[in-house]
Amino acid sequence: GSTTPAEYPSRRRLDTAPLLAAARGAEPAHRPVWFMRQAGRSLPEYREIRAGIGMLESCFQPELVCEITLQPVRRHNVDAAILFSDIVVPLKAAGIDLDIVAGTGPVVANPIRSAADVAALPGLEAGEVGAVATAVGLLTRELGDTPLIGFAGAPFTLASYLVEGGPSRNHERTKALMHSDPTTWHALLGRLADITIAFLQAQLHAGVDAIQLFDSWAGALSLADYREYVLPHSQRVLAEIEAAGVPRIHFGVGTGELLGAMGEAGADVVGVDWRIPLDVAAGRVGPGKGLQGNLDPAILFAGWDVVEREVRRIAAEADRARAAGTTGHIFNLGHGVLPDTDPAVLTRVVELVHSL
Ligand code: CP3
């Protein structure tokens, strides 16, 4: 598609940008590549500019968000910028008492565990994420022809942080609520879907060119539980933003068994981690959607010969996926850049992917 719906007047026309072409099933000028967590601790210029400023605090400073978002684009020549923010930013903006603790992740002061807790959850007004919208506006002016990816956390992954009170290996309190009190569970995910929709609409109205919905921890669920307790809410989020007309990428870790259902959630592109080859993933996702992925971020520590072999293998598997009906391939890691990654290796991966 090439027209911008009237309610989204800030949208740039970047139809030939390789990332957007690949996401829409057109032929890109080269294979597009970007990296989850490309903005962050692997970059010395990031560590320098963030010194003394809290993670969440930095997400509400538009000039800082703009600069940090641009850093990896300048350095690596990636095919997309991803907005520097976090999945808990809309929760914080809505008034939930939480913080991001370095080396740990999001920590919630008062975990949500009862029907009364859910009823007391605030909604998100667009004005509360005005700083994010301002940052998007600055970025669309700075980025030239490079698309800007906006994002949000999916309801399940947000719920896991809110119910557990922080990062969790087993998600036991979350699963206990889901199974013991499905009514409260669905009320919680409904509220979180509303917040996610409001956060994504704020970014879309400000002009982002694509969105990624992160359901990072959905891979902890069985397919049956994913379908019953999670899929309807993610489906509503992705349906509500369809009218914006931008590609919707949906990603989670360890989701090999869920890939078909995650495609059904309404994604145009399904993100895949390194545990499953892209040609096998294509069979599970089915035809008519794109794939994103899937280099193991730990491989970047194994030396260039290994990295090059793995990048070429993934490109070949993506080409087989395409022959089987997948619409396009966006090269990425299978999860985020690890903090100790050598940024020079990332730059070299971009050069190699572009040369294939
Ligand atoms: O470059 C980009 O990808 C954009 C920035 C981005 C951040 N968080 C910045 C960040 C994105 C897309 C996210 C999403 C996010 N946040 C997810 C989904 C993606 C994924 O990794 O699965 C999740 C689960 C979170 C929650 C979260 N926030 C975690 C687990 C952590 C790491 C905690 C730590 O310190 O190890 C954060 C903090 C965070 N978010 C950092 C960054 C750059 C590191 C904090 C810092 O630099 O001080």
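Predicted model: local features only at pLDDT ≥ 70, side-chain atom pairs only at ≥ 80, totals over all residues.
Biologist: What is the volume of the largest pocket?
Modeller: The volume of the largest pocket is about 1100 Å³.

Biologist: How many residues line the largest pocket, and which lie nearest its centre?
Modeller: The lining has 34 residues. Nearest the centre are Arg37, Arg41, Met55, Asp86 and Val337.

Biologist: What is the lining like by class?
Modeller: Its residues divide into 20 nonpolar, 10 polar and four charged.

Biologist: Where is the ligand?
Modeller: The ligand takes up the space of the largest pocket.

Biologist: And which elements give two or more residues to the shell around the ligand?
Modeller: Those are α2 and β3.

Biologist: Which residues come nearest the ligand?
Modeller: There are 26 residues around the ligand, and Arg37, Tyr46, Gly103, Ser216 and His335 come nearest. Arg37 is also among the residues nearest the centre of the pocket.

Biologist: How do the residues of that shell divide by class?
Modeller: The shell has 15 nonpolar, seven polar and four charged residues.

Biologist: What is 2.4 Å from an oxygen atom of the ligand?
Modeller: An N or O atom in the side chain of serine 216.

Biologist: And what about histidine 335, how far is its side chain from a ligand oxygen?
Modeller: An N or O atom of the histidine 335 side chain is 2.7 Å from an oxygen atom of the ligand.

Biologist: Which atom of glutamine 38 is 3.2 Å from a ligand oxygen, backbone or side chain?
Modeller: A polar backbone atom of glutamine 38 is at that distance.

Biologist: How much of the ligand's accessible area does the protein cover?
Modeller: On its own the ligand has 870 Å² of accessible area, and the protein covers 91% of that.

Biologist: Back to Arg37. Where is arginine 37 found?
Modeller: In the loop between α1 (18–23) and α2.

Biologist: What is its phi, positive or negative?
Modeller: Arginine 37 has a positive phi, about 60°, although arginine 37 is not a glycine.

Biologist: New topic. What kind of peptide bond joins glycine 293 and asparagine 294?
Modeller: That bond is cis, with omega at about -5°.

Biologist: Which strand is asparagine 294 in?
Modeller: Asparagine 294 belongs to β8, which covers residues 290–295.

Definitions and conventions
Residues numbered from 1 in each chain as written. Heavy atoms only, no water. 1 Å grid on protein atoms, 1.4 Å probe; cavity = no way out; pocket = protein on both sides within 12 Å on 5 of 7 lines; lining within 4 Å. Points joined across faces, edges and corners; volume = space filled by probe spheres on them. Nonpolar A, V, L, I, M, F, W, Y, C, P; charged D, E, K, R; others polar. Near = heavy atom within 4 Å. Polar contact = N/O pair within 3.5 Å; in protein donor to acceptor, adjacent residues only side chain to side chain. Areas by Shrake-Rupley, 256 points an atom, 1.4 Å probe, with all protein chains shown as cover. Sits in = over half its atoms within 2 Å of the grid points. Helix = DSSP H or I, 4+ residues; strand = E, 2+ residues; numbered from the N terminus.
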